[in-house]
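Please open the structure in a viewer and keep the selection tool at hand. The stops below say what to select next and what is to be found there.

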Amino acid sequence: MSWGRRWIFRGAGIALLVAGTAFARTQLPERPATESGDLFVPQPEVARLASLGYRNLVSDYYWLQALQVVGGSAQNPSAHAPLIGRLIDVVTTLDPWVDHPYRFAALWMTDSAESVRKADALLDRGIEHHPDEWRNFFYQGFNRFFYLDEDERAADSLEAATRLPGSPAYLPRLVAKLRAGEGGLDASAAMLEELVRESDDPYARAEYEKALDEIETERRARTLDAARDEFRRRHGRDIVRVEELAEGPDAVLESLPPELHGFEWVLSPEDGRIVSSWYGARYEPLFHASARTEREQMLRGGAAGSSRTESR
Amino acid sequence: MISIPAIGTLAANTMREAIRSKVLYTLLFFAVLLIGTGVLLSTLTYVEGERILQSVGLAAIRLFGAAIAIFIGIGLIHREVERRTIYTILSKPISRGEFLLGKYLGLVATIWLQVLVMGLAFAAVSLLAGAPLGIGHAQALGLAAIELAVVVAFSTLFSSFTTPMLAALFTTGLYALGHLSRDLRDLGSHSDVETVRLVASGLHRVLPDLESFNLTTQALHALPVPGSEVVFAGLYGVGYSAILLVLAVLIFERRDFK
């Protein structure tokens, strides 16, 4: 065989090998590691020992993994809260001076009271290492108020934030409201607006804006509730359709407040309350309307979690 | 009496020889590549990207610096014996101690030159990415250089009496242990058994405390580091290396090359 021919055969063989390998690669399913359960998260102390002086590098690796978990599950990142909790625990054990991961945990670890409390503990670690960072106190206060219904403890955190440079001017008023037991929609909205302002995370901002949207929807629904009461008083009967509130010569309202998403106001077939057909349920200060059942389970789990903690 | 010019000549020759090593350039290439890769990794996060970039850069310098120290250091004596050039050198008016010291200093100079190159690449990437650079980074790089001098002292010690393979294993093992010695002490201190506590504490004192040269966290988060900490870490590194070299000389002087 001539020299040229030999090389042609060799070249063809290599090309075949490359093509075959590439073909096999294309046939492999493209599943994120987090979905297939491949993500190994060591115990924080083990990770610290195994990092052999490269703690910052290993910490950054797990931080990027945490981001991938959230980014790879855009529909419901909080479903991965336990995994996120383990990852951020490793990240902050290896490098407790990191800043954002503490608030990242506070944002995404909201699937259960247990997760929220774990994020609360992580924020304590963040506060220990960044005592002048008002945002850690603020996130802690928000979670305690919004998810745990612990107004007093929330007020404690927010009060600590008020003493730090850079904290918003309205915080003392918010603290006073919480101390007086007047949380409700205004407090939720004020905190959420601040979170939207200061958040660097586009996913987080979208979540907060969604919650703000629900609060605004709730405000309008409450206007309709008041009008409904007035309708009952005037007509001695309840409405059959929400539109009745703005119909006829003796209409209670000139017009219905627009539904934020261009949908309409309807009577809920479940409980008869006026709801936006976009959400299908009413907003509760503590519970996201679209996941009320889950939140109820969360509170039940939280109570169990507390008793477990006490028993320890 | 130690002959400084002889040591200087040996060190310069060692450096020239080491600089010709392909392993050195391969490792240096990958180090610089990894420092650059930090830019890509930092884009995976929406916050603290500059810190990640510098974290990867500093880790690359320390990791590849250690790899160069181990892989070049372990063959330090072996190559001379294998090529029989050691007989020519030692037939001249030069002691075995001077020979070993010259070799060590030549390799340390080579590695420090690599640290300088990697440090410049790190600074360039940081500046291009807009990441802050401060005295903390200089302190971290300075102590990383001292740490590498200790690692070279270990590889010199082991290469003075054993094969390159075993020297690599021993040096790598001690590098790992050196980063765990504080944990070893802490773990031991929690023991209820007095002997375990004493042994753990003793090991911590004998093993190199390489974590004392690690200022990466402080540099990345601009945490203040007292000047005395840097000075004492430097003195500790120089002293520890000197002890290892004395041991190496004592062993090397008794070694039979037949």
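Where is the place of B:Glu48? Select B:Glu48: the residue is in the loop between helix H2 (22-42) and H3 of chain B. Helices here are DSSP runs of H or I with at least four residues, strands are DSSP runs of E with at least two, and both are numbered from the N terminus.

**Before going further**

This is a predicted model, in which local features need pLDDT of at least 70 and side-chain atom pairs count only at pLDDT 80 or more, while totals for chains, interfaces and linings use all residues. Residues are numbered from 1 along each chain as its sequence is written, and chains are lettered from A and ligands numbered from 1 in the order in which they are written.

The pLDDT is the predictor's confidence in each residue, from 0 to 100. Chain B has a mean pLDDT of 89, with 99% of its residues at 70 or more. For the complex, the predictor gives an ipTM of 0.86 and a pTM of 0.76.

**Stop 1**

Most residues other than glycine have a negative phi. B:Glu48 counts as partly exposed because it has 19 C-beta neighbours inside 10 Å. A residue is buried if 20 or more other C-beta atoms, placed from the backbone, lie within 10 Å of its own, exposed if 12 or fewer do, and partly exposed in between.

Next select B:Ala222, in the loop between H10 and H11 of chain B. B:Ala222 also is not a glycine and has a positive phi, of about 50°. With 14 C-beta neighbours inside 10 Å, B:Ala222 counts as partly exposed.

**Stop 2: helix H11 of chain B**

Select residues 227-253 of chain B, which form helix H11. This helix has 27 residues and reaches 39 Å from its first C-alpha to its last, close to the 39 Å expected at 1.5 Å a residue. The expected span is 1.5 Å times one less than the number of residues.

Which residues of H11(B) are buried? Among them are B:Val230, B:Ala233, B:Gly237, B:Tyr240 and B:Ser241. An α-helix has 3.6 residues a turn, so residues three or four places apart point the same way. The buried residues of H11(B) pack against helix H6 (96-129) and helix H7 (135-159) of chain B.

**Stop 3: the nonpolar cores**

A nonpolar core is a set of buried Ala, Val, Leu, Ile, Met, Phe, Trp, Tyr and Cys residues joined through C-beta atoms within 7 Å. The largest such core has 125 residues, and those touching the most other members include A:Ala66, A:Ile84, B:Ile61 and B:Leu148. H7(B) gives this core its largest share, 15 residues.

Select B:Ile61 and show its surroundings. Not counting residues up to four places away in sequence, B:Ile61 touches B:Ala31, B:Val115, B:Met118, B:Gly119, B:Phe122, B:Leu141 and B:Ala144. A second, separate core of eleven residues includes A:Phe231, A:Trp265, A:Ile274 and A:Val275.

**Stop 4: where the chains meet**

Two residues are in contact if their C-beta atoms, placed from the backbone, lie within 7 Å. The contact between the chains takes 22 residues from chain B and 17 residues from chain A. On the side of chain B that touches chain A, helix H3 (49-73), helix H8 (164-189) and helix H10 (216-220) each supply at least two residues. H3(B) supplies the largest share of that side, five residues.

**Stop 5: chain A**

Colour chain A by secondary structure to see twelve helices and two strands. Of its 312 residues, 36% count as buried.

Select helix H6 of chain A, residues 113-129. Its 17 residues reach 24 Å from the first C-alpha to the last, close to the 24 Å expected. The buried residues of H6(A) include A:Ala113, A:Val116, A:Leu122 and A:Leu123.

Finally, select A:Ile14, in helix H1 (residues 3-26) of chain A. Is A:Ile14 buried or exposed? A:Ile14 counts as exposed because it has 10 C-beta neighbours inside 10 Å. A distance drawn from A:Ile14 to A:Ser2, twelve residues apart in sequence, comes to 18 Å, C-alpha to C-alpha.
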